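Subject: Structure handover

Dear colleague,

Please find the structure below. My notes on it follow.

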Amino acid sequence: MRVWKQFAVAGAAAAGLGLAAFGVGGLANAQATDEAPHPGKAVYDQACAACHNAPEPGSRAAPVSALRKMSAQTLAAALTTGVMKPIGDGLDRRQIRDVVAYLAAPEGPQGTAWIDDNRCPEGQRGVDLSAAPAQVGYGVDTDNSRRMTAAQAGLAGKAAANLEVAWSFVFPRTSGLRGQGVVVGSTLFYPAGQAGYVVALDTRTGCVKWATPGGVRASLAYGRLGKDGPWAVVGGDGEGKLIAFEAATGKVAWKVDPRHDKTVPLSGTPIFAGDRIVVPISAIDVGNAMRPTFECCKAHGAVALLDAKDGKVLWTWHTMEDAKPLGRKNSQGVEMYGPSGAPIWSSPSVDLKRGVIYASTGENTSPPATVTSDAMVAIDLKSGQQKWVFQALANDVWNMSCPVGSPTAGRRPPGPNCFFAAEGSVLRDHDFGGGPVIWRGKSGKTLILGGQKSGEVWALEPATGRKVWRMQFGEGTPLGGVHWGIAADAARVYVPIADPNVPPEKNAAGLYALDPLTGKVLWSWKAAPDCDGDGRKARVPSCAGKFGISAPPLVVDGAVIVGGLDGRFYVLEAATGTLMATYDTAVPFQGVNGLTGAGGSIDAAGPFAGDGMVFVSSGYASFGQQAGNVLVAYRPRR
């Protein structure tokens with residue numbers, strides 16, 4: 001049960017996958033222990049233990065302690081249609097039922113009490129949508145700038161240096177929080193993926209205005225369902241369905257499947273483009289390839305444009321042609337296919353005035369290499385036709401059966417589905433995990449900016465994709481460099497570097513501010529580990545090696561807020577890089593909804609703000625990081 005690539009485990013909404021056929025619907029009333037004989041232990045020991053009992057540094061596998069915080073529905077969905085499907089395909093239905101029962105968190109007596117007992121008073125459940133949204137999606141705006149004015153956030157940047165916890169909300173059967181919310185007026189819409197709900201919370205108290213089942217995997221986008229339709233929040237679930245929830249009531253307006261390939265997930269966040277919705281589509285073969293008998297590889301990424309009124313697909317742009325047999329077999333005698341890969345993990349940006357979508361891609365997973373991998377692309381919004389492509393790294397053909405760097409790198413030789421390892425691939429896995437940023441300068445100059453896991457930052461001309469400048473920090477790794485994206489205001493580009501478990505002499509973990517016009521470094525702030533005092537080492541065992549900045553920054557009125565892999569988040573002065581405040585979220589919390597929980601690593605979902613509050617999703621068990629299950633709301637100290 002390895003955790004593949006940049007996926008979190010699929011949401012609990014996968015109960016709709018027909019999981020009753022596996023007999024898992026009523027499991028996990030009492031979690032199994034190693035002391036008591038259990039048929040699922042044998043399955044776990046055979047299929048899962050090698051990766052999950054003691055993940056190695058740099059491993060992408062979650063520890064077994066994190067698996068045991070997940071629901072039966074989450075685990076079963078992961079094994080049948082999600083990130084663990086390569087393992088699940090080797091198990092029969094009884095084995096899946098047994099291993100899920102062995103691992104799953106107890107349902108507990110609370111049922112939906114974590115929602116029901118925290119409902120807002122009758123007269124305070126209304127959702128007022130008259131205010132402008134604080135953000136429209138993962139990138140705050142359609143430019144993906146992750147920049148907010150004081151008016152948008154409801155607080156001055158300096159106020160972020162003096163925060164206190166206003167409330168926390170604890171999610172059951174959850175090991176990680178992967179999504180950001182959207183704030184409109186006094187309502188926070190939030191995707192509680194593993195808990196299986198999208199919730200509307202009161203920003204000031206955390207009470208529940210509405211809650212609707214739907215395991216949205218990533219962040220939410222906010223917009224109108226057609227020119228005269230209702231306002232809605234939209235996100236993709238673990239089944240690959242895009243769901244539109246009416247913002248006022250939580251009612252599901254529509255649920256569609258926009259994928260060209262029903263095997264691939266929706267990992268990135270959609271974005272509204274007027275009365276249309278841009279949907280990024282990723283791929284899953286990077287992990288499937290670890291199975292020697294898998295026909296590697298066929299899946300590829302895409303961008304789909306949907307009519308916001310009903311979810312109808314208007315066009316789909318593909319990162320490459322469909323894969324074909326390569327006329328060769330792997331060492332296990334299995335037919336090989338290509339080209340494949342170039343998934344789109346992140347939320348695209350949209351220039352509505354120019355009518356252009358900008359998206360970024362990942363590596364190829366089988367040959368032949370395409371020019372669309374590890375790239376930024378421009379797509380015509382109206383027609384779906386490609387305008388240009390800029391490839392940052394050529395011939396990065398890689399999947400998880402391969403070592404990183406060369407056929408002899410790492411601790412293991414290439415697997416059967418790394419059949420191309422000695423044929424010229426750079427084997428780097430240096431894709432773009434974050435979407436392009438449309439930077440707009442005060443002089444009217446516009447650039448397209450992007451950060452790569454190589455630690456490189458690129459600036460391109462928007463009309464042609466021509467390189468303007470490049471800057472690099474460190475050497476990058478498959479989980480290092482710029483992992484989930486950058487931020488920008490009119491004066492600076494803010495570049496977070498993760499670099500987990502990179503040796504000190506090469507580690508560039510921290511935050512860097514660049515001149516958008518030249519790429520010149522204006523200031524830098526280096527992150528440092530903190531495993532001392534107050535039980536931090538016990539609370540965050542990975543603190544010594546995983547302390548960099550992986551989640552994207554948030555710029556609020558002259559302050560930059562960044563979350564760290566060790567659970568701390570920081571507030572820096574945007575103009576100088578001066579550290580103004582540090583907060584630790586990797587601590588126990590008593591939620592306003594009656595549950596006890598704890599924070600952990602901050603990854604994938606960056607801090608977000610609105611209505612005078614700063615919100616942090618704390619906990620991310622993937623990649624051997626610290627599990628957690630708490631949404632923490634901060635307000636300026638009184």
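The side chains of Arg 328 and Glu 423 form a salt bridge, with 2.8 Å from N to O; the term means a side-chain nitrogen of Lys or Arg within 4 Å of a carboxyl oxygen of Asp or Glu. Arg 328 belongs to strand E15 (residues 324-329) and Glu 423 to the loop between strand E22 (386-391) and strand E23 (437-440), so the pair ties together parts that are 95 residues apart in sequence. Strands (E, at least two residues) are DSSP runs, numbered from the N terminus.

This is a predicted model, in which local features need pLDDT of at least 70 and side-chain atom pairs count only at pLDDT 80 or more, while totals for chains, interfaces and linings use all residues. Residues are numbered from 1 along each chain as its sequence is written, and side-chain values use heavy atoms, with hydrogens and water left out.

Arg 328 is partly exposed, at 31% relative accessible area, and Glu 423 is partly exposed at 46% (buried is under 20%, exposed over 50%, partly exposed in between; 1.4 Å probe, protein chains only).

A second salt bridge joins Asp 566 to Arg 568, with the closest N and O atoms 2.7 Å apart. Both Asp 566 and Arg 568 are buried. Salt bridges with shared partners link Asp 530, Asp 534, Arg 536, Arg 539, Asp 566, Arg 568 and Asp 584 into one network. The whole structure has 28 salt bridges.

Asp 611 and Arg 204 also form a salt bridge, their closest N and O atoms being 3.2 Å apart.

Regards

Notes
Helix = DSSP H or I, 4+ residues; strand = E, 2+ residues; numbered from the N terminus.
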